[in-house]
Amino acid sequence: MGNLLYIVAIVLVIMWLVGFVGYNASGLIHILLVIALIAVILRIIQGKSL
């Protein structure tokens, strides 16, 4: 489950970067970034290494 969170976080960050570089960044892209950051923070809090 933890490995899945890490993969989802990476995918969401990549999607955010693509949207940001493509200057078509809407509110959805920033929400995806926040979700990715939350997934990474949860993983760190659980004490598992990235």
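Ile-41 is partly exposed, with a relative accessible area of 48%, where partly exposed lies between buried (under 20% relative accessible area) and exposed (over 50%), judged with a 1.4 Å probe and protein chains only. Ile-41 belongs to helix H2, which spans residues 27–45; helices (H or I, at least four residues) and strands (E, at least two) are DSSP runs, numbered from the N terminus. This is a predicted model, in which local features need pLDDT of at least 70 and side-chain atom pairs count only at pLDDT 80 or more, while totals for chains, interfaces and linings use all residues. Residues are numbered from 1 along each chain as its sequence is written, and side-chain values use heavy atoms, with hydrogens and water left out.

**Overall composition**

- The chain contains two helices and zero strands.
- Of the 50 residues in the chain, 22% are buried.
- The chain has an accessible surface of about 3,700 Å², and carbon and sulfur atoms account for 78% of this surface; such areas come from the Shrake-Rupley method with a 1.4 Å probe, and for residues only the protein chains shown count as cover.

**The nonpolar surface patch**

- Ile-41 is part of a nonpolar patch on the surface, together with Val-34, Leu-37, Ile-38, Leu-42 and Ile-45.
- The accessible area of these patch residues together is about 570 Å².
- Patches are made of residues with over 30% relative accessible area and no salt bridge, joining like charges within 9 Å and nonpolar side chains (Val, Leu, Ile, Met, Phe, Trp, Tyr) within 5 Å.
- A salt bridge is a side-chain nitrogen of Lys or Arg within 4 Å of a carboxyl oxygen of Asp or Glu.

**The nonpolar core**

- The largest nonpolar core has five residues: Ala-9, Leu-12, Leu-32, Ala-36 and Ala-39.
- Helix H1 (2–21) and H2 each contribute at least two residues to this core, and H2 gives the most, with three residues.
- A nonpolar core is a set of buried Ala, Val, Leu, Ile, Met, Phe, Trp, Tyr and Cys residues joined through side-chain atoms within 4.5 Å.
- In soluble globular proteins, nonpolar side chains tend to be buried together.

**Contacts of individual residues**

- Ala-9 touches Ala-36, Ala-39 and Val-40, not counting residues up to four places away in sequence; contact means heavy atoms within 4.5 Å.
- Leu-12, in helix H1, is buried at a relative accessible area of 10%.
- Apart from neighbours within four places in sequence, Leu-12 is in contact with Leu-32, Ile-35 and Ala-36.
- Val-13 also lies in helix H1 and is partly exposed, at 29% relative accessibility.
- With neighbours within four places in sequence left aside, Val-13 contacts Leu-33 and Ala-36.
- Leu-33, in helix H2, is buried with a relative accessible area of 19%.
- Beyond four places in sequence, Leu-33 is in contact with Val-13 and Trp-16.

**C-alpha separations**

- Leu-12 and Val-34 are 22 residues apart along the chain, and 9.0 Å separates their C-alpha atoms.
- Between Val-13 and Ala-36, 23 residues apart in sequence, the C-alpha to C-alpha distance is 6.4 Å.
- Leu-33 and Leu-12 are 21 residues apart in sequence, with 6.2 Å from C-alpha to C-alpha.
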